[in-house]
Amino acid sequence: MPSATLPRFDLKGWDRKDIADPYPVYRRYRETAPVHRGASGAGTGSGAGAGTGAGAGGPDTFYVFSYDEVVRVLSSRRFGRDARVASADAGAVPGPIPAEYQALRAIVENWLVFMDPPRHTELRSLLGTEFSPSVVAGLRPRVTQIAHELLERFVRHREADLVEGFAAPFPILVISELLGIPKEHHGWLRANAVALQEAGTTRSRKGTEGYARAEAASLEFARYFRQEVRRRRGEDRGDLLTLLVRARDGGAPLSVDGIVGTCVHLVTAGHETTTNFLAKAVLALRAHPRVLDELRGTPELTPGAVEELLRYDPPVQAVTRWAYEDTRLGGHEVPRGSRVVALLGSANRDPARFPRPDVLDVRRPADRQLGFGLGIHYCLGATLARAEAEIGLRTLLDGVPGLGRGGHRVDYADDMVFHGPTRLVLGMSDRP
């Protein structure tokens, strides 16, 4: 039962102060009980297409705050990604996207993150080699070059938006290299990736306008990637998109819609998470100048610092699962068909797992933080994301002496899933 002093939890409708720092909110709920039962039909999500909200009388939502219970949800086959599989009456459950947004629905339903086995297993196996440690190691010199090229433009101004000038274009440029997308399309790619995220169901203030913008972006993406699929038939350009086309032509169970959805998923997921990580890492280090100085002077701490920053303020705060059978979770009976929301941000600050969890400690002993999820849906691109995070952060630390000085202005997205600033304008007094 919910606490008498706490309202039922929801991921919508947060004020700006709590969006910028959700951890005191999480702590209050986590200390009351590791799992909270939300109102019937409470809408939540985990990015574009996570769910539409069932309305009054819809499935219950259970919010999971403690580390151990989040691990259980993410690693157990009792919980999955498809509400229709979870429901005893699949025909009565809406799809992840309202039916009128057909282009968006076709793309999202082909995202790896929303699949269950065996389809998930087949596609992940196909993509896995392209994100292996050896492949990513080979990409690091080019990723470093991209970061330095962006930095050269970023430092020309005494005041600049870190999101627009560095954190957002950086992952777009990297994934474009992998997919074989030419430079002249990168601005278009980012604009549509941002528009697609407007369908995130926690962005409650957007209303149906968010879905409309995401639908328009989906139509653009579908036209573009279908054309690229046609161009790659019979060719070998050595990029990931060619790999997908050749796999389909060789008999792999992958449709053209599946290729389009996979490409869009790689663009949007990698873009949003790395952008948020870099912007929030800079904010965290500016708030901890001694840590910033320590990290700047000790480059070998960078990989561990990335893990700690992912724990301290992860770019994805919550992921959604559905109960595939009746089960018990944190003292609650969870009926089949219930929505279960795992709060990664809360789990990463659980003192039962991490001593002094609210302290940013880049020398913290390695432990399993949940910023990339867990289980079969553990982030496919985690190795690449770590490389981008290390290289991007190191580039900023080494190339912007005034990174920790001067004032800043920050605006957060109205989004408690993909969590981070839309703008971070830095005024640094010590630019080169």
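Start by selecting alanine 389. Leaving aside residues up to four places away in sequence, alanine 389 touches Phe277, Leu278 and Val306. This is a predicted model, so treat each stop as a feature of a prediction.

**Around alanine 389**

Show the helix that carries this residue: alanine 389 is found in α17. Is alanine 389 buried or exposed? Its relative accessible area is 4%, so alanine 389 counts as buried. Along the sequence, alanine 389 and threonine 275 are 114 residues apart, yet their C-alpha atoms are 9.2 Å apart in space.

**Along helix α13**

Select residues 256-287. This is α13, a helix of 32 residues. How far does α13 reach from its first C-alpha to its last? The span is 47 Å, close to the 46 Å expected at 1.5 Å a residue. Colour α13 by accessibility next. The helix is mostly covered, with 28 of its 32 residues buried.

**The second largest cavity**

Run a cavity display over the whole structure. Two cavities of 30 Å³ or more turn up. Go to the second largest cavity, which holds about 30 Å³ of space. Select its lining: Phe277, Lys280, Ala281, Ala284, Leu309 and Asp313. Which helix gives the largest share of this lining? It is α13, with four residues. Colour the lining of this cavity by residue class. Four residues are nonpolar, two are charged, and none is polar.

**The largest nonpolar core**

Now turn to the largest nonpolar core, which has 125 residues. Pick out Phe9, Leu11, Phe170, Phe225, Leu343 and Leu393, the members that touch the most others. Helix α13 gives the most to this core, with 15 residues. In soluble globular proteins, nonpolar side chains tend to be buried together.

Centre the view on Phe225. What does phenylalanine 225 touch, not counting residues up to four places away in sequence? The list is Ile181, Leu189, Leu241, Val260, Cys263 and Val264.

**The end of helix α11**

Select residues 208-232 to show helix α11, then arginine 231 within this helix. Arginine 231 is partly exposed, because its relative accessible area is 40%.

**The loop between α16 and α17**

Display the loop that runs between α16 (344-347) and α17 (382-399), and find arginine 356 in it. Check the backbone there. Phi of arginine 356 is near 45 degrees, a positive value in a residue other than glycine. Most residues other than glycine have a negative phi. Is arginine 356 buried or exposed? With a relative accessible area of 55%, arginine 356 is exposed.

Stay in this loop and select alanine 366. Alanine 366 is exposed, because its relative accessible area is 83%. Then show glutamate 308. Alanine 366 and glutamate 308 are 58 residues apart along the chain, and 8.5 Å separates their C-alpha atoms.

**The whole chain**

How many helices and strands does the chain have? There are 17 helices and 10 strands. Of the 432 residues in the chain, 57% are buried. Among contacts between residues at least 6 apart in sequence, 73% join residues at least 24 apart.

Terms used: Residues are numbered from 1 along each chain as its sequence is written. This is a predicted model: local features need pLDDT of at least 70, side-chain atom pairs count only at pLDDT 80 or more; totals for chains, interfaces and linings use all residues. Side-chain values use heavy atoms; hydrogens and water are left out. Helices (H or I, at least four residues) and strands (E, at least two) are DSSP runs, numbered from the N terminus. The expected span of a helix is 1.5 Å times one less than its number of residues. Buried means under 20% relative accessible area, exposed over 50%, partly exposed in between (1.4 Å probe, protein chains only). On a 1 Å grid over the protein atoms alone, a cavity is a set of points where a 1.4 Å probe fits but cannot get out, and a pocket is an open set with protein on both sides within 12 Å along at least five of seven lines; lining residues have an atom within 4 Å of a point. Grid points are joined across faces, edges and corners, and a volume is the space filled by probe spheres set on the points. Ala, Val, Leu, Ile, Met, Phe, Trp, Tyr, Cys and Pro count as nonpolar, Asp, Glu, Lys and Arg as charged, and the others, Gly among them, as polar. A nonpolar core is a set of buried Ala, Val, Leu, Ile, Met, Phe, Trp, Tyr and Cys residues joined through side-chain atoms within 4.5 Å. Contact means heavy atoms within 4.5 Å.
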